[in-house]
Amino acid sequence: GDFGSKKYAADIFKFVKSNKNSTLGESALFEAFSALKGQNDEKAFEVGEDYLASFPKSNKAKEILLTMTQMALISVDMRRAQRYLTAFAQKFPDDGQSSGYLQQAAQIAEQSGDLPEAARLYRAIGNIDKQVKVLFLDSNWQELQNVASRISGAKGIYFSGLAMYRMGKK
């Protein structure tokens with residue numbers, strides 16, 4: 001068949017459903033992902049996610065996750081890109097790019113207004129200054145007070161006092 005056609009990808013996807021969790025199914029699912037990606041078809045995300053869920057230890061998992069991240073960024077689907085960057089960092093923590101990807105995911109979350117997720121990601125990478133900023137912007141006074149207690153000096157005292165004041169404590 002025409003390897004790049006949508007019909008070819010659909011036929012492979014049907015085949016995969018009947019051969020899921022087999023080596024043949026893995027090859028077919030990767031082929032379906034590649035065909036859909038080549039057509040810039042949104043279904044490539046679904047197929048890629050199915051691949052990652054079905055074959056998480058595959059040597060192609062990293063490639064698929066990076067490709068889906070790139071596709072999401074190109075299509076300006078920032079939430080999806082954030083999820084994939086986070087997933088990459090969690091799935092491949094020893095990869096040299098993981099901490100940078102987690103930083104990018106945190107920035108996307110912050111810029112898109114998902115402040116609780118941004119705070120969680122900044123905490124995961126150990127960027128306490130950004131975490132404090134996001135908690136402040138989110139008006140999450142309880143968590144700001146908790147984080148401020150781990151900051152030494154005037155900055156910790158300031159944010160702890162601010163949080164307590166905003167919570168009505170003296």
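Trainee: Where is Val 76 found?
Mentor: Val 76 sits in the loop between H4 and H5; helices here are DSSP runs (H or I, at least four residues), numbered from the N terminus. This is a predicted model, in which local features need pLDDT of at least 70, side-chain atom pairs count only at pLDDT 80 or more, and totals for chains, interfaces and linings use all residues. Residues are numbered from 1 along each chain as its sequence is written, and side-chain values use heavy atoms, with hydrogens and water left out.

Trainee: Is Val 76 buried or exposed?
Mentor: Val 76 is exposed, at 61% relative accessible area. Buried means under 20%, exposed over 50%, and partly exposed in between (1.4 Å probe, protein chains only).

Trainee: What about the phi of Val 76?
Mentor: Val 76 has a positive phi of about 55 degrees, although it is not a glycine. Most residues other than glycine have a negative phi. Asn 40 also has a positive phi of about 55 degrees and is not a glycine. Asn 40 lies in the loop between helix H2 (23–38) and helix H3 (43–54).

Trainee: New topic. Where is Arg 80?
Mentor: Arg 80 is in helix H5 (residues 78–91). Arg 80 counts as buried, with 17% relative accessibility.

Trainee: Which side chain does the side chain of Arg 80 make a polar contact with?
Mentor: That of Glu 42, at 3.4 Å. A polar contact is a pair of N or O atoms within 3.5 Å; within protein, one must be able to donate a hydrogen and the other to accept it, and residues adjacent in sequence count only if both atoms are side-chain atoms.

Methods:
Helix = DSSP H or I, 4+ residues; strand = E, 2+ residues; numbered from the N terminus.
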